[in-house]
Amino acid sequence: VFSRTLQGKLHTILEAKEQALLFLTRRGTATFVMCRDCGTIATCPRCDTPLTYHAPRESLVCHYCGPREANPQPCPECGSKRIKHFGSGTEQIHRALEAEFPQARVLRWDHDTASERGAHQRILKQFMEREADILVGTQMIAKGLDIPLVTLVGIISADTALGLPDFRVGERTFQLLTQVAGRAGRGLLVGEVVLQSYQPDHYAIQAAAEHDYVGFYEQELRYRRELDYPPFTRLSRLLFRHRHEAEAKREAEVTAEMLQKRVYDGGFTTTEVIGPTPCFFTRLDAVFRWQLVVRSADPVLFFRDVELGNHAMLDIDPVDLL
């Protein structure tokens, strides 16, 4: 979990009686649970997304619709007992810190530990009053914290979001990493930041490591221009939601045909209809999701007088495509 560099710097700040923040984008103990014999991954029956393992209650939790399930033992598909937990969450980082640095006082700040009223203030107060040496957290610690004795920020998985199918992942990764990195060295003491990444050559990681706003902007703009993404065009997203997947798919396909006809009949030569396709998160809370993406210079003009079905939602300039 911890690189040699991060291990060494954690030892240094503990000896110096200073403090550290460790940032991770996921809560829980493991990202997903899989059978090593048949490959079955434990998924939410309502969302079809992998369940996250939480060790304290020995349970699997869906972070989209909320229900908990027992940790599968043995595998429900093949009966194997070779169940493996993959990935790291804040719970696992907390445990690893206690094992590696038994002298350290560790606090965890995520949705699970701060769900009760007043928990956010309590955790932050404990850390600011030096009742802990290391604070492990998710996005809650990414911005707004100004703690003079924090001289080290460790980012455990800097590239988690880069594999998601959304053109803004580079921008969001850069934003998040620079926000987290800004928590180090807020006082008189010099701060250091360690980014751990499996994609250290990615331009978003490189730019965040150097605090190179201009370099990131120039590279991101080239990427957007080459692929004709905003701000060089505008996107619209049509989301189709239905409890029966066939209905969501049918309405998406009918709408796609209607929009393609409008492109040709209306002379919208710069407009492109992309899809339909299942969303990245195909089912959430027992509702199936399909989508169309329309690339157009003037989406308001293109969609004027267009009648959509009962299960369609139009989002012009969507904030994500997942």
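These legends go with close-up views of a pocket and several salt bridges in a predicted model.

Local features need pLDDT of at least 70 and side-chain atom pairs count only at pLDDT 80 or more, while totals for chains, interfaces and linings use all residues. Residues are numbered from 1 along each chain as its sequence is written, and side-chain values use heavy atoms, with hydrogens and water left out.

**View 1. The second largest pocket, about 270 Å³ in volume.** Of its 16 lining residues, those closest to the centre are Pro165, Ile274, Gln291, Val293 and Leu321. (A pocket is an open set of points on a 1 Å grid over the protein atoms alone, where a 1.4 Å probe fits, with protein on both sides within 12 Å along at least five of seven lines; lining residues have an atom within 4 Å of a point. Points are joined across faces, edges and corners, and the volume is the space filled by probe spheres set on them.) Strands E12 (272-284) and E13 (287-296) each put at least two residues into this lining, and E12 gives the most, with six. Strands (E, at least two residues) and helices (H or I, at least four) are DSSP runs, numbered from the N terminus. By type, the lining splits into 11 nonpolar, three polar and two charged residues; here Ala, Val, Leu, Ile, Met, Phe, Trp, Tyr, Cys and Pro count as nonpolar, Asp, Glu, Lys and Arg as charged, and the others, Gly among them, as polar.

**View 2. Arg82 and Asp37 joined by a salt bridge, closest N and O atoms 2.9 Å apart.** This pair ties together distant parts of the chain, 45 residues apart: Arg82 sits in the loop between E5 (68-70) and E6 (83-86), Asp37 in the loop between E2 (32-35) and E3 (52-54). A salt bridge means a side-chain nitrogen of Lys or Arg within 4 Å of a carboxyl oxygen of Asp or Glu, and the structure holds 12 of them. Arg82 is partly exposed at 41% relative accessibility, and Asp37 is partly exposed at 46%. (Buried is under 20% relative accessible area, exposed over 50%, partly exposed in between; 1.4 Å probe, protein chains only.)

**View 3. Asp166 with its salt-bridge partner Arg172.** The closest N and O atoms are 3.9 Å apart. Asp166 counts as buried because its relative accessibility is 6%, whereas Arg172, at 33%, is partly exposed.

**View 4. A salt-bridge network of Glu171, Glu220 and Arg224.**
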